[in-house]
Amino acid sequence: MKAMVLRALRTPLVFEERPDPVPGAGEVRVRVEACAVCRTDLHVVDGDLPETRLPVIPGHEIVGIVEQLGEGVASLAVGQRVGIPWLGQTCGHCAYCLEDSENLCDDPQFTGCTRDGGFATHVIANADFAFPMDGFDDPAAAAPLMCAGLIGWRSLKMAGEGRRIGLYGFGAAAHILAQVLVWQGREVYAFTRAGDTASQDHARHLGAAWAGVSEDAPPQALDAAIIFAPVGELVPLALRATRKGGRVVCGGIHMSDIPAFPYRLLWEERHILSVANLTRQDGHEFLKIAQAARVSTTISRYPLEAANRALDDLRHGRFQGAAVLVP
């Protein structure tokens with residue numbers, strides 16, 4: 001197999017050739033067809049996630065074909081297309097797992113962080129944490145659904161049933177979630193960095209009712225806001241834009257420090273929530289929604305060996321939607 005490996009934090013990935021991996025009990029070997037590049041991969045490379053294991057192959061938005069079954073696997077079949085997300089395994093016996101909150105497991109494994117991921121030609125996955133992708137015929141287009149889509153969906157569930165939803169940071173997750181919101185008949189308000197007219201135009205093209213700069217006040221108060229950009233300064237801005245009793249959901253795994261802000265912004269029963277990882281139930285729900293809503297991802301394709309360029313382009317916002325590595 002071939003892989004792009006992170007050997008030291010804050011250094012470029014290194015191209016390596018390795019023997020093809022062999023699945024253990026309960027595992028499958030998957031031939032990677034596509035792996036999207038997520039902002040979380042930047043956090044792994046930059047050392048923002050202390051649980052990261054080195055060396056590691058990043059990548060957790062994986063779509064591929066099952067090549068080999070480990071002992072005891074009966075839920076998947078050789079030749080089947082599957083998706084592999086960030087949550088790679090849970091303990092199954094801690095208090096969180098037992099109360100159907102496996103996203104908060106005390107002893108989890110994360111794909112591309114604590115176990116090798118999809119910036120490679122092959123990957124080993126726990127069969128119980130791989131999603132059948134029947135009906136998704138373009139693996140590159142489907143790859144961003146495995147995190148950008150899933151985290152967006154979980155964030156929306158936490159945001160509630162409000163009609164006017166603000167999306168702060170219009171990248172991979174927001175461009176998927178915007179389509180779901182429009183399909184649901186809700187209104188999308190897109191917030192971007194100053195000068196990012198391309199992302200604002202992209203949001204309008206996908207049906208956003210309004211698009212502007214994060215510091216701007218929307219034309220109407222939001223019922224909820226979801227922050228995808230890892231920028232703590234956006235929290236008080238989102239609170240200011242949200243109605244009484246509304247919710248502000250922080251959808252990322254890492255965010256810069258939230259600055260001090262007047263209590264008045266939080267008062268009147270506004271809520272601030274964070275999203276952590278995902279559950280398999282989130283995955284099954286969202287994949288059905290994505291097909292029903294006919295979600296279409298905007299992607300830029302890169303060869304596997306160009307993973308460092310894809311990460312740099314993501315860091316500097318050089319494309320709309322998502323970057324996808326295609327081995």
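A residue is called buried when its relative accessible area is under 20%, exposed when over 50%, and partly exposed in between (1.4 Å probe, protein chains only). Tryptophan 86 counts as buried, because its relative accessibility is 4%. The structure is a predicted model, in which local features need pLDDT of at least 70 and side-chain atom pairs count only at pLDDT 80 or more, while totals for chains, interfaces and linings use all residues. Residues are numbered from 1 along each chain as its sequence is written, and side-chain values use heavy atoms, with hydrogens and water left out.

Aromatic rings make a friendly starting point. Rings of Phe, Tyr and Trp (its six-membered ring) pair if their centres lie within 6.5 Å; planes under 30 degrees apart count as stacked, over 60 as edge-to-face and the rest as tilted. A search of the whole structure finds 5 such aromatic pairs. Tryptophan 86 and phenylalanine 110 are stacked, because their ring centres are 4.8 Å apart and their planes lie at 10°. Helices (H or I, at least four residues) and strands (E, at least two) are DSSP runs numbered from the N terminus. In these terms, tryptophan 86 sits in the loop between strand S5 (81-84) and strand S6 (87-89), and phenylalanine 110 in strand S7 (residues 109-110), so the pair links distant parts of the chain, 24 residues apart. Phenylalanine 110 is buried too, at a relative accessible area of 8%.

Tyrosine 168 and phenylalanine 191 are also stacked, with 4.0 Å from centre to centre and 5° between the planes. This pair ties together parts 23 residues apart in sequence, because tyrosine 168 lies in strand S10 (residues 164-168) and phenylalanine 191 in strand S11 (residues 187-192).

Next comes the nonpolar interior. A nonpolar core is a set of buried Ala, Val, Leu, Ile, Met, Phe, Trp, Tyr and Cys residues joined through side-chain atoms within 4.5 Å. The largest such core has 92 residues, and Phe119, Leu167 and Ile226 have the most contacts inside it. A second, separate core of 18 residues includes Leu222, Ala241, Met255 and Leu265.

Helix H1 (residues 39-46) is mostly covered, with 6 of its 8 residues buried. These are Thr40, Asp41, Leu42, His43, Val44 and Val45. The buried residues of H1 pack against strand S3 (27-37) and helix H10 (307-315), where contact means heavy atoms within 4.5 Å. Just after H1, glycine 47 takes a positive phi of about 80°.
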